[in-house]
Amino acid sequence: MTNEDKFLLDEYTDYCNRNNINIKSIGIAQLMIESSHATSELYTKHHNPFGIKYTENADYKATYNTSEFYDGKEVECKADLAGYYDLNGCFDDYRRITHADKIHDFATYLDYLNEIGYATNPAYIRLILDVINDYNLTEYDGVVMNNDSLFDELDEIIDKLAHKVINGDFGNGDDRKRALGGYYTIIQNRVNELLK
């Protein structure tokens, strides 16, 4: 972990403590991923280490080239991302988007990130779990989890969503793809496995 990572992690941890966010590891992992270990220009210049897309809640708009996944394929595009005058503004927006102060269960947090389509990368949740494991970030939650339990939780989320697909909750064809966003491929693969 770099010194820049540690500074950002300390800032976010302090913010979490002040705002009753109990599960810190997921947000910390996202900070590390989205800010390229606290080195991205979006973070250093625009105080947006979470890679949050622009909405009216941001202080201003910052347009960048980025990669998004559509139908399982990575596409280079321009995106309007959020700019903030300080980190607290970004942290407030992240808390608003993710309900991090209202979620007290690890699996529910990951499930909610998936549900709101936080990222289009179909491997995003797995990437979060890998970073949590690599840096033992669950220690910030006051618990120690091993790799098996983290990946079991991911599998539970995928299974839960796959069963919802089978029950018709996400429609068919393009409607299903839109509803599942970047997670369509991984969830549809599980649906196919369950229906064999």
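Buried, as used in these legends, means under 20% relative accessible area. The structure shown is a predicted model.

**View 1. Helix H6 and the residue that follows.** Helix H6 spans residues 124-134. Its buried residues are Tyr-124, Ile-125, Ile-128, Leu-129, Val-131, Ile-132 and Asn-133. After H6 comes Asn-136, which has a positive phi, near 50°.

**View 2. The largest pocket and its lining.** The volume of the largest pocket is about 440 Å³. Its lining consists of 21 residues. Nearest the centre of the pocket lie Glu-34, Lys-53, Thr-66, Ser-67 and Glu-68. Two or more lining residues come from each of helix H2 (25-34), strand S1 (60-70), strand S2 (73-83) and H6. Strand S1 gives the most to this lining, with 6 residues. Sorted by class, the lining of the largest pocket holds 10 nonpolar, 7 polar and 4 charged residues.

View 3. Ile-166, Leu-194 and Leu-195 make a nonpolar surface patch of about 260 Å². Of these residues, Ile-166 belongs to helix H7, which covers residues 147-166. The relative accessible area of Ile-166 is 37%, so this residue is partly exposed. Patches are made of residues with over 30% relative accessible area, a cut-off that Ile-166 passes at 37%.

**View 4. Ile-186 in helix H9.** Helix H9 runs through residues 184-194 and contains Ile-186. Ile-186 counts as partly exposed because its relative accessibility is 32%. In sequence, Ile-186 and Leu-113 are 73 residues apart. In space, the C-alpha atoms of Ile-186 and Leu-113 are 15 Å apart.

**View 5. Asn-20 in the loop between H1 and H2.** Asn-20 sits in the loop that connects helix H1 (3-18) with H2. The phi of Asn-20 is near 55°, a positive value in a residue other than glycine. With a relative accessible area of 58%, Asn-20 is exposed, because the term applies to values over 50%.

**View 6. His-47 in the loop between H3 and S1.** The loop between helix H3 (41-44) and S1 holds His-47. His-47 has a positive phi, near 55°, and is a residue other than glycine. The relative accessibility of His-47 is 26%, so His-47 counts as partly exposed. This class lies between buried, under 20%, and exposed, over 50%.

Conventions
Residues numbered from 1 in each chain as written. Predicted model: local features only at pLDDT ≥ 70, side-chain atom pairs only at ≥ 80, totals over all residues. Heavy atoms only, no water. Buried < 20%, exposed > 50% of the residue type's maximum accessible area, 1.4 Å probe, protein only. Helix = DSSP H or I, 4+ residues; strand = E, 2+ residues; numbered from the N terminus. Patch = residues over 30% accessible without salt bridge, like charges linked within 9 Å, V, L, I, M, F, W, Y side chains within 5 Å. Areas by Shrake-Rupley, 256 points an atom, 1.4 Å probe, with all protein chains shown as cover. Salt bridge = Lys/Arg side-chain N within 4 Å of Asp/Glu carboxyl O. 1 Å grid on protein atoms, 1.4 Å probe; cavity = no way out; pocket = protein on both sides within 12 Å on 5 of 7 lines; lining within 4 Å. Points joined across faces, edges and corners; volume = space filled by probe spheres on them. Nonpolar A, V, L, I, M, F, W, Y, C, P; charged D, E, K, R; others polar.
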